[in-house]
Amino acid sequence: MWIKRNGALYGDDIDSSEITPRHVFENRRRVLQSMGALAATGLAGASGFAHATLTSPDAKGQKLSATTNPKFVALDKPTSLKDITTYNNFYEFGTDKSDPAQHASTLRPRPWKVSVEGAIKNPKVYDIDEMLKIAPLEERVYRLRCVEGWSMVIPWIGVSLSELIKRAEPTGNAKYVQFISLADSSQMPGLSTPILDWPYSEGLRMDEAMNPLTLLTVGLYGEVLPNQNGAPVRIIVPWKYGFKSAKSLVKIRFVEKQPPTSWNTYAPSEYGFYSNVNPSVDHPRWSQATERRIGEDGFFAPKRKTLMFNGYGDQVASLYQGMDLKKNF
Ligand SMILES: Nc1nc2c(c(=O)[nH]1)N[C@H]1C(S)=C(S)[C@@H](COP(=O)(O)O)O[C@H]1N2
Ligand SMILES: [Mo]
């Protein structure tokens, strides 16, 4: 139902940042209630799922319904939809934080194909709509920490990348997974500036890619991914710096050797292959000990302490046992 208010239709006149926290709050309350209920029956963990369909006031986004997975819900206050969609890094559309929101409307996220290829038994070119159906979509609230020293909390929608990897059936030669973004200058004005070695490319070791936290991501705040956040599909690796989370993927390739990655090629002394969030390994030009949470940047807002593995150590620290994390930064 539409309600008239101050001459405008309800829904048109409210800033998205005022609305979204309420939806998320209600959603989180449902999650916590269901966790409590499940804990009481002794079922938590076995099937700890609560249903939630979020809506957002942005009519452009196509709704995606997803089931909140309470095992993957960070309890920090989610960043507003407005901040998530106007403060971005997506160099294919320019290097300023405001560039992607201003220029990414030229990206055409449909039709879209993603080639899953390399050292696997079942290579396949997925249509994006087929990819959305490989497993039930989940909502997960993850922290995202950029190497530049800011962070956000984002209700993503996707499926564990492991679901896709299982279907691909990697061979014994698959030691790493490479993620390759679209590089089409007719859609991406930033490609005319040779900052990075396009296409944007990232990679994970196989066990990192198989970790249940690693999310093949297709939406946020209850809708398909906005173009500036990497439509129609990206990867999210919440325990690593944001640049490991490549956007607008067209290829997922299984390889034997550690693949070249865009930021490591650009500045090998500043950006390593692993790039796990690590407050004790400073960037050569700044400390990584603290971070600024976007949305909390009032004059008196204190910086937050950056957590080892961005707070996901329980789930991922074992992947790096025996590795020198200062050397393999
Ligand atoms: N293709 C591509 N993917 C990318 C980037 C980029 O420039 N191009 N920037 C990375 C960086 S540095 C960060 S911090 C995150 C930002 O994601 P967000 O804009 O959705 O918050 O995307 C990552 N993925
Ligand atoms: Mo970043």
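A polar contact is a pair of N or O atoms within 3.5 Å; within protein, one must be able to donate a hydrogen and the other to accept it. The legends below use that term for a predicted model.

**View 1. Ligand 1 and its shell of residues.** Ligand 1 is surrounded by 17 residues. The closest are Asn88, Tyr91, Glu92, Arg234 and Lys247. By type, the shell holds eight nonpolar, six polar and three charged residues. Ligand 1 takes up the space of the second largest pocket.

**View 2. Side chains that reach oxygen atoms of ligand 1.** The side chain of Arg234 places an N or O atom 2.7 Å from an oxygen atom of ligand 1. For Lys247, the distance from a side-chain N or O atom to an oxygen atom of the ligand is 2.7 Å. Asn229 also takes part: a side-chain N or O atom lies 3.0 Å from an oxygen atom of ligand 1. On its own, ligand 1 has 530 Å² of accessible area, and the protein covers 99% of it.

**View 3. Arg145 and its partners.** Arg145 belongs to strand β7, residues 138-145. Its relative accessible area is 0%, so Arg145 counts as buried. The Arg145 side chain makes a polar contact with the side chain of Gln288, at 2.8 Å. A polar atom of the Arg145 side chain also lies 3.0 Å from the backbone oxygen of Thr290. That distance falls within the 3.5 Å limit for a polar contact.

View 4. Most peptide bonds are trans. The bond joining Trp198 and Pro199 is cis, with omega about -5°. Pro199 sits in the loop between β9 (176-181) and β10 (201-205). The bond from Ala231 to Pro232 is also cis, with omega near -5°. Pro232 is in the loop between β12 (223-224) and β13 (234-236).

View 5. Most residues other than glycine have a negative phi. Tyr221 is not a glycine, yet its phi is positive, about 45°. Tyr221 lies in the loop between β11 (215-220) and β12. With a relative accessible area of 2%, Tyr221 is buried. Asn310 is not a glycine either, and its phi is positive at about 55°. The loop that holds Asn310 runs between β16 (304-305) and α8 (313-316). Asn310 is buried, because its relative accessible area is 2%.

How values were computed:
Residues numbered from 1 in each chain as written. Chains lettered and ligands numbered in written order. Predicted model: local features only at pLDDT ≥ 70, side-chain atom pairs only at ≥ 80, totals over all residues. Heavy atoms only, no water. Near = heavy atom within 4 Å. Areas by Shrake-Rupley, 256 points an atom, 1.4 Å probe, with all protein chains shown as cover. 1 Å grid on protein atoms, 1.4 Å probe; cavity = no way out; pocket = protein on both sides within 12 Å on 5 of 7 lines; lining within 4 Å. Sits in = over half its atoms within 2 Å of the grid points. Nonpolar A, V, L, I, M, F, W, Y, C, P; charged D, E, K, R; others polar. Helix = DSSP H or I, 4+ residues; strand = E, 2+ residues; numbered from the N terminus. Buried < 20%, exposed > 50% of the residue type's maximum accessible area, 1.4 Å probe, protein only.
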